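The sequence and structure come first.

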Amino acid sequence: MELYEAISGRYSVRSYQDKPVEDDKLGRILEAARLAPSGSNRQPWKFVVVRDPALRAKLGPACRDQDFVATAPVVIAGVGLMPDRKMSCDVPGDPVDVAIAMEHIALAAVAEGLGTCWIGAFHQDQVRELLGVPADAKVIEVMTLGYPADECPTKTRKAIGEIICYDRFE
């Protein structure tokens, strides 16, 4: 699949087929995360891949009662290992680095015929406990992964002129 086709085809999947994700596809998707860039190449992350149905069932309530989370055959939690680190531009580093890697996962998933949904609405303490994430790390994002059971809806986006300016902020 061509890159721009994958970008255009990515959407937030909230309905999944009852079909497992093949190991080879999951491996390629996780490799995409491993290859993602990070500040100073620190790679300050771990990815917790959840396939166990009982654990996925508990993640739904921990993700603010988003029941579809439990229906995805795979849930991936992106964990930042340096939660107090700030980049020299005074922006927290882990959310940026982990988000880049998670978007690599999302685009690789589309290329494999799969879908994902970014989950930012979750209870940090509950997800951390369920996944055994230590206190000195932070769950940055949870992402569902599987075969979509729905179709990509029509996307509405702002016009390019509303979001782009050149040389100076306008």
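A residue counts as buried under 20% relative accessible area, as exposed over 50%, and as partly exposed in between, with a 1.4 Å probe and protein chains only. The model is a predicted one, in which local features need pLDDT of at least 70 and side-chain atom pairs count only at pLDDT 80 or more, while totals for chains, interfaces and linings use all residues. Residues are numbered from 1 along each chain as its sequence is written, and side-chain values use heavy atoms, with hydrogens and water left out.

**Salt bridges**

A salt bridge here is a side-chain nitrogen of Lys or Arg within 4 Å of a carboxyl oxygen of Asp or Glu. This rule gives 6 salt bridges.

| Glu112 | Arg28 | 2.6 Å |

Helices (H or I, at least four residues) and strands (E, at least two) are DSSP runs, numbered from the N terminus.

Glu112 and Arg28 form a salt bridge. This pair links distant parts of the chain, 84 residues apart: Glu112 is in the loop between α5 (93-111) and β3 (115-119), and Arg28 is in helix α2 (residues 23-34). Glu112 has a relative accessible area of 17% and is therefore buried. Arg28, at 42% relative accessibility, is partly exposed.

Asp90 counts as exposed because its relative accessibility is 54%. Shared partners also connect salt bridges into one network made up of Asp24, Arg28 and Glu112.

**Strand pairing**

Two strands pair if DSSP finds at least two bridges between them. Strands β2 and β4 run antiparallel and are joined by 7 bridges. Within β4, Lys138 is the bridge partner of Gly80. Strand β4 also pairs with β3 in the antiparallel sense, over 5 bridges, and Leu145 in β4 is the bridge partner of Thr116.

Of the 9 residues of strand β4 (residues 138-146), 7 are buried, so β4 is largely enclosed by the rest of the structure. In a regular strand, side chains alternate between the two faces of the sheet.
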